Amino acid sequence: MLAVRDHRAKPSAWAYELSVSREAIDLYLASDIVDLHIDSFIWTRLFGYKLDERHEHGLFGARFYSQVDLPRIREARIAGGIWCITTNPLRPARSRAPTFEANLAHLESIFAGVPDDVALCRTTRDYRAAKKADKHAAFIGVQGGNALDAPGALDRVAEHLLKVTLVHLSTSTLGATSAPMGGDGALTTRGQEFVERLNAHRVFVDLAHINRRGFFDAIAVHDKTQPLLVSHTGVTGVKPHWRNIDDEQLRAVADTGGIVGVIYQKSFLGEPLGRCEAIVRHLAHIIDTIGEDHAALGSDWDGAIEPPRDMPTCLELPRLVDKMLIRGWSDTRIAKILGGNFLRALALLRP
């Protein structure tokens, strides 16, 4: 069993440590906390970063990496998370699928190595069982669908996956990225077929990172009975940026019953002082535009991001709840954002 502090034993001490209200701590501990996008496995692959060991702030003060690990995830009482395997865009096409399968086995073996603390999950029933057993529910996602664009590749691994982003930071055989120089290309025929295959396997189609044209091309072929996901993004209504999505895109996701997770990268949030209040502003815009049933958290922890100064790791997450309470948001609304909206969408896709 991982050695962690249990803040449930002394909630007042945690509130004092974080300089937040006891109300914020109590609500946080009573809620399902789910993160739609955790990218720490990148550093495991590159430098052997051990997910099952506790780390401090690393070489750069929790910038870029060392923002989470499984001990800190457990201490922060994060009930569930989608742990992502990111595709290397420079890897030759013929080796992408075999490499992905090896990485998938590696990540699953890490979770299997801490069975008292983590349960590998794929469905709502799995999540509930993990919650009842007081374990972190680990889902697996893919960032960059071109890892699985070879014939049969997705079919071999789909039962292990909860979500797939169609593209990442580079344009691929599936479509164009929203990143600078990504262009205005349409979702390709192969990309359209890939969306249909994800739908067939009831895997979330994640529209983070794709360009605007491809975003709507994907929606046009997507199964309208399944909720869409934008796992980690900002919104242009607060901060115009190539990485953020606009109100029309928000409405298109909401029309499917889907959810939008707000990222923690400071430059996408547009907060000059680097405070977590910026995350709440993006959440507020989502709520004002499409309602409180579609807003969620998608940190991108360890995805080479620079998080808010007052929330450098997952251990400070209750500060976000404190900011929401200061705005006068109800406990119900906050609980939806923290994880309830994800669980509603998950139940639509995988009961």
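A nonpolar core is a set of buried Ala, Val, Leu, Ile, Met, Phe, Trp, Tyr and Cys residues joined through side-chain atoms within 4.5 Å. Buried means under 20% relative accessible area (exposed, over 50%; partly exposed, in between; 1.4 Å probe, protein chains only). The model is predicted: local features need pLDDT of at least 70, side-chain atom pairs count only at pLDDT 80 or more, and totals for chains, interfaces and linings use all residues. Residues are numbered from 1 along each chain as its sequence is written, and side-chain values use heavy atoms, without hydrogens and water.

**View 1. The largest nonpolar core holds 95 residues.** Leu148, Leu166, Leu207 and Leu320 touch the most other members. Helix 12 (residues 277-290) gives the most to this core: eight residues. Helices (H or I, at least four residues) and strands (E, at least two) are DSSP runs, numbered from the N terminus. A second, separate core has 21 residues, including Ile82, Ile259, Leu346 and Leu349.

**View 2. Strand 7 (residues 229-233) pairs with strand 8 (residues 259-262).** The pairing is parallel, over three bridges (strands pair if DSSP finds at least two bridges between them). Val230 has Val260 of strand 8 as its bridge partner.

**View 3. Ser31 sits in the loop between helix 2 (22-30) and strand 1 (34-38).** Ser31 is buried, at 6% relative accessible area. Beyond its neighbours within four places in sequence, Ser31 is in contact (heavy atoms within 4.5 Å) with Lys131, Ala335 and Leu338.
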